[in-house]
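Okay, thanks for coming, everyone. Let me put one chain up on the screen and walk you through it.

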Amino acid sequence: MAADSGARRQPTFTKVDQLRPGTHGHNLIVKVVDSKMVVQRGREGGPQGRQMRIAECLVGDETGIIVFTARNDQVDVMKPGTTVELRNAKIDMFKGSMRLAVDKWGIVKTAESPAEFTVKEDNNLSLIEFELVTVVE
């Protein structure tokens with residue numbers, strides 16, 4: 001077994017146009033183009049402070065854009081114009097289209113510095129419809 005030098009491996013970052021259905025473990029740096037609250041339930045100070053918030057956010061980089069489903073505390077980070085770092089993101093399928101999401105094993109945080117790129121808004125990966133095809137061997 002190799003001795004751990006304590007140095008953490010630098011994450012490799014994926015570009016939006018490289019995302020594919022059913023994949024996970026993506027690290028991305030994206031800009032939030034738009035954010036819209038779709039579910040807001042519960043209230044602060046309610047039983048166990050239970051609150052559920054879901055926002056659909058349009059995020060992207062210089063290769064394209066995709067819908068990111070932000071949940072609860074993630075919603076606060078996803079403000080339009082913000083550059084965000086997504087760690088361990090996965091692709092969920094929703095009605096045949098790709099959605100980017102980060103579950104409890106990932107991180108959604110504001111990037112240390114704003115991105116220099118211009119978001120390519122005419123390549124929306126969430127508008128591509130995928131069909132589940134069963135392959136018979």
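I'll go through the fold, then the strand pairing, then the core.

First, the caveats: this is a predicted model, so to speak, where local features need pLDDT of at least 70, side-chain atom pairs count only at pLDDT 80 or more, and totals for chains, interfaces and linings use all residues. Numbering starts from 1 along each chain as its sequence is written, and side-chain values use heavy atoms, with hydrogens and water left out.

So, the fold. We have 1 helix and 6 strands, taken as DSSP runs numbered from the N terminus, helices being H or I with at least four residues and strands E with at least two. The order from the N terminus is β-β-β-α-β-β-β.

On pairing, which takes at least two DSSP bridges between two strands: strand 1 and strand 2 run antiparallel, joined by 10 bridges. Strand 2 is also antiparallel to strand 3, over 8 bridges, and those two make a hairpin with 2 residues between them. Look at I54 in strand 2: V39 stands opposite I54, and in strand 3 the bridge partner of I54 is R71.

Now the core. Here that's buried Ala, Val, Leu, Ile, Met, Phe, Trp, Tyr and Cys joined through side-chain atoms within 4.5 Å, with buried meaning under 20% relative accessible area, 1.4 Å probe, protein chains only. The largest one has 23 residues, and V59, I66, F68, M78, L86 and L100 have the most contacts inside it. Strand 4 gives the largest share, 4 residues. Beyond its neighbours within four places in sequence, L100 touches, among others, L19, L28, V59 and F68, a contact being heavy atoms within 4.5 Å.

Terms used. Buried means under 20% relative accessible area, exposed over 50%, partly exposed in between (1.4 Å probe, protein chains only).
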